[in-house]
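Let's take a walk through a protein chain together. Have a look at the sequence and the structure, then read on.

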Amino acid sequence: MKKNKLRTALCLLLAGTVLTAFAALASDAGGRDDPLVTLSYLQGPYLSLLLDEVDEKLERSNQALLTDLRTSGVQPAGDAAFVPVTLSAGQVLRGTAGCEILFRSGDAVCLAPAGAQALADTTSGSAVSGGGALTANHLYLVLDSAGVQASGGVELLARGSWYIE
């Protein structure tokens with residue numbers, strides 16, 4: 001009988017030790033080192049924080065790209081303001097269809113295939129073909145990928161998508 005009591009006491013002691021060990025291991029679950037995350041947290045506050053962070057990084061990236069484009073002379077489409085541009089002899093400002101060029105001063109010609117009407121002079125209501133001279137203080141609209149080639153120092157304002165060669 002003493003053997004049974006001893007055996008029972010040892011089994012209870014062993015069971016208690018095992019339960020205590022499991023309780024100790026389970027107490028760390030959901031703690032700082034092993035966080036317990038619920039689905040409602042992931043779909044609610046965490047998702048909002050994550051999306052805000054992504055939006056912020058995209059905005060910073062877009063601003064950096066626009067700054068790089070502007071410093072390289074390329075203007076993205078959709079700019080609402082005219083940008084002052086100075087060309088020296090031989091330089092070419094090329095614009096895509098819809099680009100506006102306000103020719104301020106200097107000597108420049110339309111750069112397009114001979115005879116092709118590439119610029120619309122919206123001030124006089126006429127068209128300028130390849131090789132045609134531009135008139136000071138006239139607003140030109142690029143009809144098809146065309147350019148303005150400077151014969152000397154040229155000052156103009158440009159709006160839309162353009163780049164300098």
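## Before we start

What you see is a predicted model, where local features need pLDDT of at least 70, side-chain atom pairs count only at pLDDT 80 or more, and totals for chains, interfaces and linings use all residues. Residues are numbered from 1 along each chain as its sequence is written, and side-chain values use heavy atoms, with hydrogens and water left out.

## The overall make-up

The chain has two helices and 10 strands. These are DSSP runs numbered from the N terminus: H or I over at least four residues for helices, E over at least two for strands.

How much of the chain is buried? Of its 165 residues, 21% are, where buried means under 20% relative accessible area with a 1.4 Å probe, counting protein chains only. Of the contacts (heavy atoms within 4.5 Å) with a separation of 6 or more, 71% link residues 24 or more positions apart.

## The six-stranded sheet

Six strands line up as an open, antiparallel sheet in the order β1-β9-β3-β7-β5-β6. Strands count as paired if DSSP finds at least two bridges between them. At the edges sit β1 and β6 (126-129), each pairing on one side only.

β1 and β9 run antiparallel and are joined by five bridges. One to look for: Pro-84 has Leu-157 in β9 as its bridge partner.

## The four-stranded sheet

Another open sheet has four strands, ordered β4-β8-β2-β10, again with antiparallel pairing. Its edge strands, β4 (108-111) and β10 (162-164), have a single partner strand each, so one side of each lacks a neighbour in the sheet.

β4 pairs with β8 (residues 146-150) over four bridges, in the antiparallel sense. Here Ala-108 has Ala-150 in β8 as its bridge partner.

## The core

In soluble globular proteins, nonpolar side chains tend to be buried together. In this chain, the largest nonpolar core has 21 residues. Such a core is a set of buried Ala, Val, Leu, Ile, Met, Phe, Trp, Tyr and Cys residues joined through side-chain atoms within 4.5 Å. Leu-93, Ile-101, Leu-119 and Leu-156 have the most contacts inside it. Elements giving two or more residues to this core include β1 (83-87), β3 (100-105) and β9 (154-159).

Which residues does Ile-101 touch? Leaving out residues up to four places away in sequence, Ile-101 touches Leu-93, His-138, Leu-139, Tyr-140, Val-142, Val-148, Leu-156 and Leu-157.

Technical notes: Buried < 20%, exposed > 50% of the residue type's maximum accessible area, 1.4 Å probe, protein only.
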